[in-house]
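Please keep the sequence and the model in view while reading.

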Amino acid sequence: MKTRFLILLMIGFFAHLWNAQTLVKPADFKLSGVASYLKSKGYTIVEETPKYIEVKTKNNADVFLDVDVKKQVIYYSTNILVNTSASKDKIREYIEMVNDRIPLFSVVYVEEKQKAMFQYSFWIKYGFTYESLEDSLSEFGLYVGDALDLDKEQKILQ
């Protein structure tokens with residue numbers, strides 16, 4: 001009985017080694033590691049610098065990943081042009097609606113560039129796994145899709 005238990009325990013241990021996610025500690029974090037991981041998962045790295053990377057997601061959206069100076073957060077952002085014919089009041093209403101309905105996500109209107117900047121924060125302060133980062137990047141895409149759906153008449157965003 002003990003032998004069977006030990007064998008099962010060893011199989012479980014080795015199976016865990018093959019499938020385990022690796023914790024990336026803040027001291028070991030490098031943005032180039034994120035870029036390499038995403039590239040290996042089918043994402044296109046459009047631009048890579050020590051401070052940010054631009055990623056083309058699997059559904060062809062451009063997302064910027066910026067790291068704060070203290071390496072505590074990776075900020076995801078994407079920009080969508082605003083229709084120049086949309087009134088400032090309608091744009092403001094849309095931005096407020098998105099920020100109210102999608103709480104983990106925020107939108108900022110950048111008037112001088114006529115764009116809506118969609119933002120998400122992925123905390124890395126205490127460590128993360130590349131798999132959780134990839135999942136959050138997918139979630140970000142879903143949030144952007146939800147925000148686009150809120151422009152039902154398609155009069156605010158291009």
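Two residues are in contact when they have heavy atoms within 4.5 Å of each other. The model is a predicted one, in which local features need pLDDT of at least 70 and side-chain atom pairs count only at pLDDT 80 or more, while totals for chains, interfaces and linings use all residues. Residues are numbered from 1 along each chain as its sequence is written, and side-chain values use heavy atoms, with hydrogens and water left out.

**Overall make-up**

Helices (H or I, at least four residues) and strands (E, at least two) are taken as DSSP runs and numbered from the N terminus. On that basis the protein chain has 4 helices and 8 strands, which follow one another along the sequence in the pattern α-β-α-β-β-β-β-α-β-β-β-α. A residue is called buried under 20% relative accessible area, exposed over 50%, and partly exposed in between, with a 1.4 Å probe and protein chains only. Buried residues account for 35% of the 158 residues in the protein chain. Among contacts between residues at least 6 apart in sequence, 57% join residues at least 24 apart.

**The sheet**

Two strands count as paired if DSSP finds at least two bridges between them. An open sheet of 6 strands, with antiparallel pairing, has the order β2-β3-β4-β5-β7-β6. Its edge strands, each pairing on one side only, are β2 (44-48) and β6 (106-110), and the twist from one strand to the next averages 25°. Angles here run from 0 to 180 degrees between N-to-C directions, and the axes are lines fitted to C-alpha atoms, for helices over the stretch in contact.

| Strands | Sense | Bridges |
|---|---|---|
| β2 and β3 | antiparallel | 4 bridges |
| β4 and β5 | antiparallel | 4 bridges |
| β5 and β7 | antiparallel | 9 bridges |

In the loop between β3 and β4 lies Asn59, which counts as exposed because its relative accessible area is 60%. Asn59 and Ser138 are 79 residues apart in sequence, yet their C-alpha atoms are 9.9 Å apart in space.

**Helix α4**

Helix α4 (residues 130-149) lies across β4 (62-67), β5 (73-81) and β7, and runs at about 150° to β7. With 20 residues, α4 reaches 29 Å from its first C-alpha to its last, close to the 28 Å expected at 1.5 Å a residue, where the expected span is 1.5 Å times one less than the number of residues. The buried residues of α4 include Leu137, Phe140, Tyr143 and Val144, and what covers the buried residues of this helix includes α2 (31-40), β4, β5, α3, β7 and β8 (128-129).

**Core and aromatic residues**

A nonpolar core is a set of buried Ala, Val, Leu, Ile, Met, Phe, Trp, Tyr and Cys residues joined through side-chain atoms within 4.5 Å. Of the 41 residues in the largest such core, Leu38, Leu65, Tyr76, Phe105 and Phe118 touch the most other members. Helix α4 gives the most to this core, with 6 residues. Leaving aside residues up to four places away in sequence, the residues that Phe118 touches include Tyr76, Tyr94, Phe105, Phe140 and Leu157.

Rings of Phe, Tyr and Trp (its six-membered ring) pair if their centres lie within 6.5 Å; planes under 30 degrees apart count as stacked, over 60 as edge-to-face, and the rest as tilted. By this rule there are 13 aromatic pairs. The rings of Tyr76 and Tyr120 have their centres 5.5 Å apart and their planes at 35°, so this pair is tilted. Tyr76 belongs to strand β5 and Tyr120 to strand β7, 44 residues apart, and both residues are buried. Tyr120 also forms a tilted pair with Tyr143, at 5.7 Å centre to centre and 45° between the planes. Because Tyr120 lies in strand β7 and Tyr143 in helix α4, this second pair ties together parts that are 23 residues apart in sequence. Tyr143 counts as buried because its relative accessibility is 14%.
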